[in-house]
Amino acid sequence: MKREFKGRTVVAGSVQASAVVSNNGMNTLATFQKSILARKKTVVGSDQNNADLFKKEITGKALCLPRTIGSTTGGMVLQSAAALGLAPKAMLFSESIDSIGAAGVILADVWTVNRIVTVDCLGQEFLDYVKDGMTITVKEDGTVLVEQ
Amino acid sequence: MEYKMFLTDEEKAILNGAKGEVMAKVMKSLVMYGEVFNAKKMVKISAPAHFVTSFGISIMKAVFDIMDEINNAGITTIDKFTVDPRPLDYENVKCNPLEKLVFGIMYGKQEDYEEQLRKAGLKDSNAFSCTCYMKEVGNIPKKGDILSWAESSAVVYANSVIGARCNRNSALIEMFGAILGKVPEFDLLTNEGRLATWIIEVRTSKKPEAQVLGSAIGMKVMSEVPYIKGLDKFIGKELNEQAKDYLKDMGAATASNGAVGLYHVENLTPEAVEQKEELIREKAKVYVIDDTELEKVKKSYPVIWKKPDAKPSRCFIGCPHLSYNQLIEWTDRIGKELEKQGRKKVSLETVFTSAPDVVENFKKNKEYYDRLTGYGIKISSICPLMYMNNPICAKRAVVTNSNKLRTYTTARYYTDEEITSIAVRGDISR
């Protein structure tokens, strides 16, 4: 079964990846810092307050979330993760992207070679539907296909 | 690149490379950032910047590379800037050899990074604090100033308590704004963006713990703007030093437990005093906070110590950094508790953190400084969060009264009253 959602392209690109879903705001610093600091080869969520992402692999995934929250280092953390090849392949926001999340994907796009394809405004229905492990296909125009 | 916002001829020229490739990338980042939020134009900043990235973590190579590009192009910020606290202070925050070894690896680029900051326009060697708005530090914007700041606790303070205008900028974006002298105009820079979409009704039986109240608000409203009613009953209608300190700590928790960039407090913060309930949007949601709700929020904090009943090995007080008045209050508070418990010194290694310039001022108050150090307490200007990022330090049982520190590290949260007792007694049992 396949469902299609349409959002706004923030950083355009075509990509396919497995979904990892946070139903609440993702605290970027708290989620990424432990793996990055420990020089791990993949980021595993380390935010004790986010049960959806805690101990789950994020690198190379299609990260589905409402928004990012927390420290203003968040954008730099995302950009560093992208530079190290540790970022998610795509970030898919159900709400309008927040300023820290936007900064992170823009910094990665302008200052590194590893782009994080980003779509926002996908709606609550998208977040309600998508589950961990589903296959996500993102198109250049902001179309997001979700397959079980 | 395609863009919809209005750019002046000069801004277009910069974007097209008239001032070099690096400035073009700085401009492109800011234009893309503005485009996402439907900014109509760039606006001039009117006060010095504050940066969040103060730590030279070796693996942040991508950031050092950007700094190198900026330094090598001879680019500086327009005004001198302040930056968040340094991560290390071996003199006042002791480490064992293994912790020190790990710190050496983690922050091996600290000196190089500070040199990069100096070349970019760092104010001075004391400019390292998350509370740049303290009078001793001197990076104090005026009401209505447009800012290019990051550091979530500083941004929410500047917006809410001072009435300046700043978005919740990320690290690096704030530096680009400070270099260009302009930021895209959207959200908290506009009158519309500063309207409240939540009403918070504080109905507690006593003054709520600032850090728990902020946590509750942040977790509920996330990035929206709350208008807080009923708090002036406890902290007064005058924006004096005590009220500012309370709002500093509450605001830091709203920003770290959620993503609040601006709050209004009825009868107290500048815009709420001027505009009153005109600041509240129609159909604003309502969140009632009473004693039960605060207790529920506090109990929801997970304990991630390996041994939940472990004897704590360190206590951090001052995230965000303590003000001069808070250093005085904490000295008195610890003194009273020592007397109550019949002790002369604290039993737990306790570190108060405050801005370098504030610490220098506090040291001039010989009576209080001697009392505090006599109690066995250390004063440092580090960032406790950066200290706790060391995986060896993260294994320590650390207690704190900071909800921000709790959120980002393994440190365990206690209220001011609880932590005073714990610091003196040396254990967490009641």
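Predicted model: local features only at pLDDT ≥ 70, side-chain atom pairs only at ≥ 80, totals over all residues.

Let us begin with chain A. Its secondary structure comprises four helices and ten strands. Read from the N terminus, the order of the elements is β-β-β-β-α-β-β-α-β-α-β-α-β-β. The radius of gyration of chain A is 13 Å, close to the 15 Å given by the globule rule for 148 residues, so this chain is as compact as a globular protein of that length. Its C-alpha trace spans about 40 × 30 × 25 Å along the principal axes. Of the 148 residues in chain A, 61% are buried. If we take the contacts in chain A between residues at least 6 apart in sequence, 77% of them join residues at least 24 apart.

Chain B has 18 helices and 13 strands. Here the radius of gyration is 22 Å, close to the 22 Å that the globule rule gives for 430 residues, so chain B is as compact as a globular protein of that length. The C-alpha trace of chain B spans about 70 × 55 × 40 Å along its principal axes. Buried residues account for 53% of the 430 residues in this chain. Among contacts in chain B with a separation of 6 or more, 80% are between residues 24 or more positions apart.

Two packed helices are described by the angle between their axes and the distance between the axes. For helix 3 (residues 99-111) of chain A and helix 2 (residues 21-36) of chain B, the angle is about 145° and the axes are 10 Å apart. The crossing of these two helices is right-handed. From helix 3 of chain A, the residues taking part are Ala102(A), Ala103(A), Ile106(A), Leu107(A), Val110(A) and Trp111(A).

Next, helix 7 (residues 173-180) of chain B. Eight of its eight residues are buried, among them Ile173(B), Phe176(B) and Leu180(B). What covers them? The cover includes helix 2 and helix 3 of chain A, together with helix 2, strand 2 (50-51) and strand 4 (182-184) of chain B. Just after helix 7 of chain B, Gly181(B) has a positive phi of about 80°.

The loop between helix 6 (152-162) and helix 7 of chain B holds Cys166(B). Is Cys166(B) buried or exposed? With 31 other C-beta atoms within 10 Å, Cys166(B) is buried. Beyond residues up to four places away in sequence, Cys166(B) touches Leu147(B), Trp149(B), Val155(B), Ala158(B), Asn159(B) and Leu188(B). The C-alpha atoms of Cys166(B) and Leu189(B) are separated by 6.0 Å, although the two residues are 23 apart along the chain.

Finally, helix 8 of chain B. At 1.5 Å a residue, the twelve residues of helix 8 (residues 210-221) should span 16 Å, and the end C-alpha atoms are 16 Å apart, which agrees. Eleven of the twelve residues are buried, so helix 8 of chain B is largely enclosed by the rest of the structure. Elements covering its buried residues include strand 5 (196-202), helix 10 (241-257) and helix 17 (403-408) of chain B. Met222(B), which follows helix 8 of chain B, has a positive phi, near 55°.

That concludes my presentation, and I thank you for your attention.

Conventions:
Residues numbered from 1 in each chain as written. Chains lettered and ligands numbered in written order. Axes fitted to C-alpha atoms, helices over the stretch in contact; angles between N-to-C directions. Left-handed = near helix turned anticlockwise from the far one by under 90°. Contact = placed C-beta atoms within 7 Å. Expected span 1.5 Å × (residues − 1). Buried ≥ 20, exposed ≤ 12 C-beta atoms within 10 Å, placed from the backbone. Rg over C-alpha atoms; globule rule 2.2 N^0.38 Å.
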